[in-house]
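Here are my notes on the model, in numbered points. Please read them with the structure open.

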Amino acid sequence: MIMLLGNITLKGKLLERLKAYVEEGGILVANVAQIEEDTEAHELFGVELTATRMGSTFSSCRRCESKRLRELLYSYRRVVPKEAEVLAVNESRVTGYGDPLVTMKRVGAGEAILTTPSYLQTHDRTKLLEIGLDLISHLMERFALAEVEGPPIEYIVNR
């Protein structure tokens with residue numbers, strides 16, 4: 001699994017290499033800010049970007065039976081899923097409900113996952129969003145060699 005972090009633009013040779021990685025069974029997680037100008041990247045993730053930017057203070061994970069997460073203010077760019085499945089959405093009485101925050105498209109044997117909140121951080125960039133932590137948790141569950149039940153703890157598995 002590869003999760004792109006920071007000010008990386010997904011285009012050109014990097015896009016080609018990561019697309020091949022996904023087709024061969026890899027999981028790629030990227031943020032909408034990393035694919036803004038590249039149509040090929042939009043196709044990889046199965047979405048159409050809009051010019052609309054929104055904000056919210058709640059999110060909801062569809063994998064967790066629509067568990068509602070309280071967030072600090074965050075901003076996101078609206079996308080329209082074309083071939084992607086929506087994994088998480090915003091919840092806001094002001095801006096409406098159901099805008100995709102996390103999408104996933106199966107590509108070959110792998111998955112291309114796109115997040116729409118700006119770098120999965122709060123508006124002031126001081127904290128990761130709960131929906132971001134939730135996504136990382138779901139991804140880690142798939143590869144974890146151990147599972148912890150009860151209050152949160154830290155653990156390391158080395159092999």
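1. What volume does the second largest pocket have? It comes to about 190 Å³. On a 1 Å grid over the protein atoms alone, a pocket is an open set of points with protein on both sides within 12 Å along at least five of seven lines. Grid points are joined across faces, edges and corners, and a volume is the space filled by probe spheres set on the points.

2. A word on the basis. This is a predicted model, in which local features need pLDDT of at least 70 and side-chain atom pairs count only at pLDDT 80 or more, while totals for chains, interfaces and linings use all residues. Residues are numbered from 1 along each chain as its sequence is written, and side-chain values use heavy atoms, with hydrogens and water left out.

3. The lining of that second largest pocket has 13 residues. Lining residues have an atom within 4 Å of a grid point. Met3, Leu4, Leu5, Tyr119 and Leu120 lie nearest the centre. Strand β2 gives the most, with three residues. By class, nine are nonpolar, four polar and none charged. Here Ala, Val, Leu, Ile, Met, Phe, Trp, Tyr, Cys and Pro count as nonpolar, Asp, Glu, Lys and Arg as charged, and the others, Gly among them, as polar.

4. Strand β2 (residues 27–31) runs parallel to β7, and five bridges join them. Two strands pair if DSSP finds at least two bridges between them. Leu28 stands opposite Ala112 of β7. Strands (E, at least two residues) and helices (H or I, at least four) are DSSP runs, numbered from the N terminus.

5. Why is β7 described as largely enclosed by the rest of the structure? Six of the six residues of β7 (residues 110–115) are buried, so the strand is largely enclosed. Buried means under 20% relative accessible area, exposed over 50% and partly exposed in between, with a 1.4 Å probe and protein chains only. In a regular strand, side chains alternate between the two faces of the sheet. Both faces of β7 are covered: Gly110, Ala112 and Leu114 are buried on one side, and Glu111, Ile113 and Thr115 on the other.

6. Helix α1 (residues 12–23) has 12 residues, which should span 16 Å at 1.5 Å a residue; its end C-alpha atoms are 17 Å apart, which agrees. The expected span is 1.5 Å times one less than the number of residues. Leu15, Leu18 and Val22 are buried in α1. Seen down the axis, the buried residues of α1 fall within an arc of 75 degrees, so they line one face. That arc is taken from the directions from the helix axis to the C-beta atoms. On the other side of α1, Lys13, Glu16 and Arg17 are exposed.

7. Leu15 has 4% relative accessibility and so counts as buried. Its C-alpha lies 7.1 Å from that of Ala41, 26 residues away in sequence. Just after α1, Gly25 takes a positive phi of about 120 degrees.

8. One cavity of 30 Å³ or more is present. A cavity is a set of points where a 1.4 Å probe fits but cannot get out. Helix α3 (130–143) gives the most, with four residues. The lining residues divide into six nonpolar, one polar and two charged.
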